[in-house]
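Grab a pencil and work through these exercises with the structure open beside you. Try each task before you read its solution.

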Amino acid sequence: MTAPPSDRLLHLLKDHFGYDSWRPLQQEIITATMAGRDVLALLPTGGGKSLCFQLPAMAGQGLTLVVSPLIALMKDQVDQLTAAGIPSTFLNSTLDAAESRHRLRGLHEGRYRLLYAAPERIMLDGFLSDLQKWKIDRIAIDEAHCISEWGHDFRPEYRQLPRLREVLPDVPFIALTATATDQVREDIEYHLALRQPERFTASFNRPNLTYRVAQKAGAYEQVLKFLRQRPEDSGIIYCLSRKGTEALAARLSSDGIAALPYHAGLEQPERAGNQEKYLRDRVRVMCATIAFGMGINKPNVRFVIHYDMPKNLEGYYQETGRAGRDGLPGECLLLFNAGDAAKHMGFIDEITDPAEAARARHLLDQVVHYAEASSCRRALLLNYFSEEYPEPNCGGCDNCQSPRESFDGTLVAQKLLSCVLRANQASRWQFGLGHYCDILCGANNEKILKQNHQNLSTYGIGKEMSRPEWQAIGRELTRMGFLQAMAVGMGTTISVSEQGVKALKDRLKFTLTRPLPAAEAKKRNQAPSKAGDINCDDMLFHSLRALRRELAEVRGVPPYVIFGDVALRHMASAYPVSEAEFARIPGVGQQKLVDFGAAFTAVVRQHLASNPRQNFGAAPKAVPRAASGSPATPKPASMEPVAVTDTIAETLRLYRSGMQDLAALAQQRNLAESTIASHIGNAIMAGRADDLKPEQFLQPAQLEELSAIFESAGQFENLGPIKELAGDRFAYRDLHFFRAFRKVGKV
């Protein structure tokens with residue numbers, strides 16, 4: 001198995017996915033898997049993981065089996081592939097027996113390039129037997145972290161996947177995940193039995209995301225204000241409890257914010273219905289537990305709010321990663337207070353396994369450290385994944401945008417360290433941080449009296465500060481290494497480290513960070529982020545978005561399956577008014593050019609008829625390519641270049657083989673009938689179907705009427721306005737055929 005040349009891969013990238021360049025490591029990963037090697041690919045959310053097995057599927061002749069953990073993810077991926085003209089399918093429990101048989105027949109006949117299935121389905125004996133009959137080119141394990149107990153979303157059924165090695169010993173694996181610590185990476189390789197895999201790890205940095213932490217004070221009002229400042233943005237709000245999601249969604253709805261809850265306790269139809277409404281932009285806010293997330297392929301999530309504190313940094317990174325998958329700005333806001341940490345600690349205290357409880361406390365401490373740190377939040381997150389952020393200021397987190405004031409904390413540090421030393425020496429054991437803070441504040445509680453700590457020299461010497469302020473200082477000294485925390489039984493105790501003892505002895509100067517004043521904290525979290533945005537004509541963008549919504553409703557798919565916001569913003573910046581200009585827009589492949597070019601360019605022309613063109617810089621550059629991958633020869637404006645792609649050639653081949661019922665042909669190819677008509681029309685315009693005649697598709701009276709309609713429209717390029725003139729008398733297929741024959745002079 002050898003990889004095709006890079007120019008052919010680029011041609012496939014543009015033809016099917018509408019892009020002219022690779023994201024980091026995509027080309028290297030694709031080359032490795034197409035050479036037959038096992039691959040482990042770790043790419044951040046939004047880094048283009050799916051393309052790493054979808055494009056090779058189109059470059060080969062066989063079938064790519066995709067192991068996917070979620071039904072919703074399978075359908076979403078297949079919807080997007082179908083819209084791009086890529087024959088693909090899924091098999092799962094949502095299909096009735098007749099539909100399953102139809103798809104299995106298509107698999108036996110080699111009609112598909114990609115098959116999505118869950119591991120439970122794949123491991124059935126009958127399915128394994130079928131796999132041996134089909135020509136499997138590669139096996140893609142999506143969300144591969146699910147195989148590791150150390151991952152944030154362990155799925156025991158993933159542990160059965162090595163059996164595929166026994167059934168298909170020569171088929172290469174490609175394992176992909178968006179988040180994995182070193183331990184999880186080792187688990188993936190071991191449990192999947194990867195054979196000397198090529199490892200690819202892209203940076204986990206998401207430069208278009210802004211990270212912020214706000215002190216939680218009146219959380220609902222904080223969230224409501226945030227949402228009202230972003231009236232058209234879609235986002236997710238994560239809550240700790242099921243009850244919390246429902247209460248928050250109901251309250252937001254009563255205040256005019258379209259929101260729904262999502263958690264594992266909802267009945268399946270309601271849960272699926274709420275998710276579908278969110279994906280289709282019928283509601284803009286999902287209030288959810290962590291049950292909502294993996295497999296949510298919605299690219300235009302503009303914000304993720306953590307209403308409650310997450311349990312660990314890996315889950316937090318994965319959840320925030322659902323914002324800005326399209327590369328446009330995304331905001332990540334964590335509402336934090338010490339009470340949330342105590343609530344989590346209460347749950348941890350109920351864990352009976354000491355080792356598991358200690359691990360949970362360690363993970364929680366990392367989240368608290370992240371929330372309270374005054375250093376770059378991006379650097380802290382990347383460090384968790386063993387990646388060093390090279391810049392001193394990321395410019396995309398609250399601490400870098402508004403650095404906190406530092407102060408000489410020598411006296412307060414000495415007070416707290418001395419208090420811990422004296423209390424531990426007096427009682428000969430250690431206590432939790434809160435107890436030392438009570439001593440400093442001069443509290444008169446049972447624990448202090450029982451230990452006689454009211455007699456310590458440090459008792460009451462810190463009354464100038466509140467208990468929470470002392471706790472914040474204690475946590476900062478712990479992060480700096482002067483105090484050390486130890487999990488003991490069901491709690492965490494504090495002691496002075498060797499470094500702390502030496503600092504007291506040497507009278508070291510301590511520089512600490514002041515807590516952010518409430519007014520400054522409020523100011524930090526108001527303005528929406530603009531990192532990575534694409535300047536465009538906002539009025540036109542909204543018109544294009546409205547058209548996208550209409551087309552999505554007709555097709556029964558989420559709007560982003562038609563086009564993502566990035567493509568729409570490029571359209572609203574470049575103003576494409578012809579199909580050739582539309583083809584240059586990033587995200588416009590051959591199939592989407594055929595299916596949607598007329599409608600979107602019509603909206604652009606209509607907008608320009610009454611609004612001035614704004615200047616946003618150079619339009620996207622793309623060279624139209626012929627099927628060979630070489631630049632197409634320019635043609636007169638009246639005859640735009642038409643490339644006969646593999647999918648158009650396949651339609652023409654089937655038609656000529658005797659399958660001349662377009663409805664049956666469309667069903668076999670799993671495409672719309674209008675798409676089949678556009679394929680044949682493009683072949684006619686490209687001079688590849690000179691044997692076809694107008695009367696094979698249209699009656700003489702129809703030809704006469706269509707001639708008048710096209711003349712009335714005054715143009716032949718864009719079918720949207722022509723369809724409006726034609727009304728219900730003609731379908732799009734008729735327009736495709738007439739235009740094609742008119743352009744080659746046969747009518």
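**Exercise 1.** In which sense do strand S12 and strand S13 pair, and over how many bridges?

*Solution.* Before you start: this is a predicted model, where local features need pLDDT of at least 70, side-chain atom pairs count only at pLDDT 80 or more, and totals for chains, interfaces and linings use all residues. Residues are numbered from 1 along each chain as its sequence is written, and side-chain values use heavy atoms, with hydrogens and water left out.

Step 1: find the strands. Helices (H or I, at least four residues) and strands (E, at least two) are DSSP runs numbered from the N terminus. S12 covers residues 301-306 and S13 covers residues 330-336.

Step 2: check the pairing. Two strands pair if DSSP finds at least two bridges between them. S12 and S13 have four, in the parallel sense. Look at His306 and you'll see Leu334 of S13 opposite.

Step 3: zoom out. The strands belong to an open sheet of six with parallel pairing, ordered S8-S13-S12-S9-S11-S10. Strand S8 (209-215) and strand S10 (259-262) each have a single partner strand, so one side of each lacks a neighbour in the sheet.

**Exercise 2.** Which strands does helix H13 touch, and what angle does its direction make with that of S12?

*Solution.* Step 1: contact means heavy atoms within 4.5 Å. By that rule H13 (residues 313-320) touches S8, S9, S12 and S13.

Step 1: get the angle. Axes are lines fitted to C-alpha atoms, for helices over the stretch in contact, and angles run from 0 to 180 degrees between N-to-C directions. H13 makes about 150 degrees with S12. Helix H11 (residues 242-254) lies across S9, S10 and S11, at about 175 degrees to S10.

**Exercise 3.** What is the strand order in the open sheet of seven strands?

*Solution.* Step 1: read across the sheet: S3-S4-S2-S5-S6-S1-S7, with parallel pairing. The edges are S3 (88-91) and S7 (198-201), each pairing on one side only.

Step 1: pick one pair. Four bridges join S1 (residues 39-42) to S7, and Ala41 sits opposite Phe200 in S7.

**Exercise 4.** How many aromatic pairs does a search of the whole structure find?

*Solution.* Step 1: rings of Phe, Tyr and Trp (its six-membered ring) pair if their centres lie within 6.5 Å; planes under 30 degrees apart count as stacked, over 60 as edge-to-face and the rest as tilted. The search finds 21 pairs.

Step 1: Phe482 and Phe510 are 4.9 Å apart centre to centre, with 70 degrees between the planes, making the pair edge-to-face.

Step 2: locate the partners. Phe482 is in the loop between H21 and S15, and Phe510 is in the loop between H22 and S17, 28 residues apart.
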